[in-house]
Amino acid sequence: AQANIGVVGLAVMGSNLARNLASREGNTVAVYNRSPQKTRDLVAAQPEARFVASETIEDFAASLSAPRTAIIMVKAGAGTDAVIDQLVAVFEPGDIIVDGGNALFTDTIRREKAVRETGINFVGAGISGGEEGALLGPSIMPGGSAEAWETLGPILRSIAAVVDGEPCVTHVGTDGAGHFVKMIHNGIEYADMQLIAEAYDLIRRGTGKSPAEIADVFTEWNKGELESYLIEITAEVLRQTDMRTGKPLVDVIVDQAGAKGTGAWTVQTALDLGIPVSGIAEAVFARSLSSKPAQRAAASDLPGPTTPWQVKDADAFVEDVRLALYASKIIAYSQGFDEIIAGAEEYGWDIKKGEIAKIWRGGCIIRAQFLNRITEAYAADPGLVALVTAPYFRDAVAAAQDSWRRVVVAAAQAGIPSPAFSSSLAYYDGLRADRLPAALVQGQRDFFGAHTYKRVDAPGTFHTLWSGDRSEVETTDTH
Ligand code: 6PG
């Protein structure tokens, strides 16, 4: 036994993580892949690295010192279960199996429970940052038991991204908490990306600026409160010229966005929890809509606005879009944290919201300065009921709202789809409303289904005898 940590699954993410681990003082990394060629390639590429390569799972287990700790980096799904079974067969009680893939958190809960029966620890850990993050320092969101975290913590701390001297990793909570939080991270990532895409589209169609000019706008925005990895890479993508045609690359990429499912999970879970993550949902749906070429072709001659739309002051419009983006982004994060709070309550996790915002400051795809503000908001008020109501965010949204409204109006007038901008604004207005037409919905429900309603002026539950004399009766039935 010579290695203190192992990696199973040596595709790009796995081999980069193994290289990251091996580059840190004190680590010797056991590596294993189903097809041995990948293992040989990894070792051959870096003969000086502290790898211990195995071609069987038995040798892999034997090369690890106790408690054996192995990180699985395979495509989420049935393959993960197969590798877990293999490891369980060769590991011993007290050892630790970590799943570093993008697993669905309910799968992680199931696996943790099953593996725990054997006395082996199972930890689902969300790892964000793509290929580069895996190699240089990702943001890591581990769940699992406190006992497993004791051993795993120092190892994960050694490879995570570092911001202000603090590694971007924390013990998120037990069993599936880590993968749950990674799922929310991805949902927010979808919303962030869609909002940036809408901002680009509005500026392009509103001002006629070229992609390269819009790249400059994003570079400028990246110096202010919108500073983030996604804004930075957006500028890079917009500045890219296609090698074949000389056109902006963005103009030759097919406009149908793919998805591997984590955004959809965030929304499905939110629906189950009853949490309105409308910005994230619109981002997921916008990708689905884009990927329906037959419907889009059939609808392409449907009429648009009859009055032409013109931006009078391009600079002022760009500034409006910037503020609309910032306000909508605040809503997306506020909704994402609402889902974390609801998930924690439903599944019994003690998730520290401020810590989550902290570990998202570096390494991950949604990394941004702005996350410090979220940490501060939860530090000032751990029981904060909605992030958007914290003083900093309240002020930011108040300062942005006139711009936000102008942008949503302009988009509607121009016939430019801006589902994430407009749904975020609708959510904001819904949340702050004195009275909502939900009262009427309750009346309708009572009319056709005797679903009952409550009154503003008296306790109890009531039903109007709609098909009788329309008097009101108090009832104990609630439908
Ligand atoms: C990350 C990313 C990563 C992956 C997404 C992409 O945090 O490093 O979120 O997990 O790139 O799953 O998701 P889509 O393919 O669904 O856009």
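Good morning. I begin with Val252, which lies in the loop connecting helix 10 (229-239) to helix 11 (262-273). Please bear in mind throughout that this is a predicted model. As to confidence, the chain has a mean pLDDT of 97, with 99% of its residues at 70 or more. For the complex, the predictor reports an ipTM of 0.97 and a pTM of 0.97.

Beyond its neighbours within four places in sequence, Val252 makes contact with Asp242, Thr245 and Lys247. Asp242 stands 10 residues away from Val252 in sequence, and the C-alpha atoms of the two are 7.5 Å apart.

I turn now to a pair of helices. Packed helices are described by the angle and the distance between their axes. For helix 8 (residues 177-207) and helix 12 (residues 278-290), the axes come within 8 Å and cross at roughly 70°. Helix 8 is therefore roughly perpendicular to helix 12, since angles of 65 to 115 degrees are counted in that way. The crossing of the two is left-handed.

Which residues make this contact? Helix 8 contributes Gly187, Ile188, Tyr190, Ala191, Met193 and Gln194, while helix 12 contributes Gly279, Ile280, Ala283, Val284, Ala286 and Arg287. Sorted by class, the contact between helix 8 and helix 12 comprises 8 nonpolar, 3 polar and 1 charged residues.

Thank you for your attention.

Definitions and conventions
Residues are numbered from 1 along each chain as its sequence is written. This is a predicted model: local features need pLDDT of at least 70, side-chain atom pairs count only at pLDDT 80 or more; totals for chains, interfaces and linings use all residues. Side-chain values use heavy atoms; hydrogens and water are left out. Axes are lines fitted to C-alpha atoms, for helices over the stretch in contact, and angles run from 0 to 180 degrees between N-to-C directions. Helices (H or I, at least four residues) and strands (E, at least two) are DSSP runs, numbered from the N terminus. Angles under 35 degrees count as roughly parallel, over 145 as roughly antiparallel, 65 to 115 as roughly perpendicular and the rest as oblique. A crossing is left-handed if the near helix is turned anticlockwise from the far one by less than a right angle, and right-handed if clockwise. Contact means heavy atoms within 4.5 Å. Ala, Val, Leu, Ile, Met, Phe, Trp, Tyr, Cys and Pro count as nonpolar, Asp, Glu, Lys and Arg as charged, and the others, Gly among them, as polar. pLDDT is the predictor's confidence in each residue, from 0 to 100.
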